[in-house]
Amino acid sequence: MTTAIEATSLAKRYGRHGTAALDDCSFRLPAGRISALVGPNGAGKSTLLGIAAGLLRQSAGELRVLGAAPGEARAKVAYLSQDKPLHPQLSIADTLRMGAELNKERWDAAYAANIVEAGSLDPKAKVRSLSGGQRTRVALALALGKRPELMLLDEPMADLDPLARHELMGTLMADAAEHGTTVLMSSHIVSELADACDHLLLLGSGRIRLGGGIDDLLGAHSLVTGRGDLSHHTVIESRPSGRGVTALIRRDGPVGEGWQVQQPSLEELLLAHLRSPEAPALLTPSTAAATDRTAVTA
């Protein structure tokens, strides 16, 4: 399996007037990548993850997960949302036993228990008595215990303090590295994404506007400062800087004299594209859907 998720003209509309959360969204997520899913509030990130998890049904188009319809792949997929809907009246031990009953063919009881033990949690403790970080650890143990091929994470650590977030991200990344798990994770914390992810999907206006390996996408852009003609390049964003301008561009050939050129950081790349929603899309060949002609070689 070389593609974990593939969307073709995917659309999802809500309400009487058919408000679009996703609109003609097409992309591929290569298997084995740890991908950041980024976009402004209301961009459709949770909707996309919900469809991939088999919890929502699209209005149009197609989504394939591990080569099958989302519902058919559910046994191989783990989904962890921000609200972490665990049963509050159950103990931690009962929660893990429930995970074993629901995932008999793939459950790794020892591994799930080790994740809980690493947090010094009492298996007899009720879920309702746990802190936010402790609940996240139990939810992560429940998700990873099924040994998924694909992990879908909808900002599950947004409410945690930096230390707890760092510890649990380490657990997740170590599992992905050891087992080759594909991870699609939404987050607003750019430093977290830069440290953990090697792939990016930027969602805006219901479509993927940037998609590909992070190194490839950064290499396709330049941050230039100075004065001169940039009309031969694709200018994503330009703003005054001293007596000249600072601009994020996709270069079409060399930049003329009078410009200082450097590679942008991931934060600079994301902020420029978020501030410029009309900028042309860029999907690298490995990420573009087979029918998508917006793909270019980065």
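Reader: How many residues does helix α4 have, and what does it reach from its first C-alpha to its last?

Author: Happy to start there! Helices here are DSSP runs of H or I with at least four residues, strands are E runs of at least two, and both are numbered from the N terminus. The expected span of a helix is 1.5 Å times one less than its number of residues, and for α4 (residues 132-144) that gives a figure of 18 Å. The helix has 13 residues and comes close to that expectation, reaching 18 Å.

Reader: What kind of model is this, and how are residues numbered?

Author: This is a predicted model, in which local features need pLDDT of at least 70 and side-chain atom pairs count only at pLDDT 80 or more, while totals for chains, interfaces and linings use all residues. Side-chain values use heavy atoms, with hydrogens and water left out, and residues are numbered along each chain as its sequence is written, from 1.

Reader: Why is α4 described as largely enclosed by the rest of the structure?

Author: A residue is called buried when its relative accessible area is under 20%, exposed when over 50%, and partly exposed in between, using a 1.4 Å probe and protein chains only. The buried residues of α4 include R135, V138 and L142. The helix counts as largely enclosed because the number of its 13 residues that are buried is 10.

Reader: Which residues touch the most other members of the largest nonpolar core?

Author: A nonpolar core is a set of buried Ala, Val, Leu, Ile, Met, Phe, Trp, Tyr and Cys residues joined through side-chain atoms within 4.5 Å. The largest one holds 55 residues, and those touching the most other members are M151, L172, C197 and L200. Its largest share, seven residues, comes from α4.

Reader: What does C197 contact, leaving aside its neighbours within four places in sequence?

Author: C197 is one of the residues that touch the most other members of the largest core. With those sequence neighbours left aside, its contacts are I34, S35, A36, M185 and I214.

Reader: Is K84 buried or exposed?

Author: K84 is found in the loop between β5 and α2. Its phi is positive, about 45°, although K84 is not a glycine. Its relative accessible area is 3%, so K84 is buried.

Reader: Where is R147, and what is its relative accessible area?

Author: R147 also has a positive phi, of about 50°, although it is not a glycine. Its place is in the loop between α4 and β6. R147 is partly exposed, with a relative accessible area of 23%.

Reader: How many salt bridges does the count come to?

Author: Side chains of opposite charge can pair when their charged atoms come close. The rule for a salt bridge is a side-chain nitrogen of Lys or Arg within 4 Å of a carboxyl oxygen of Asp or Glu. By this rule the count comes to 10.

Reader: How many residues apart are R207 and D24, and where do they sit?

Author: R207 forms a salt bridge with D24, and their closest N and O atoms are 4.0 Å apart. R207 is partly exposed at 40% relative accessible area, and D24 is partly exposed at 38%. The pair links distant parts of the chain, with R207 in strand β9 and D24 in strand β2 (residues 19-30), and their separation is 183 residues.

Reader: Which parts of the chain does the salt bridge between R33 and D198 tie together?

Author: The closest N and O atoms of R33 and D198 are 3.4 Å apart. R33 counts as partly exposed at 23% relative accessibility, and so does D198, at 33%. The pair ties together parts 165 residues apart in sequence, because R33 lies in the loop between β2 and β3 (34-38) and D198 in the loop between α6 and β8.

Reader: Where is S205, and is it buried or exposed?

Author: S205 lies in the loop between β8 (199-204) and β9 (207-213). From C-alpha to C-alpha, S205 and Q82 are 22 Å apart in space, while 123 residues separate them in sequence. At 63% relative accessibility, S205 counts as exposed.

Notes. Contact means heavy atoms within 4.5 Å.
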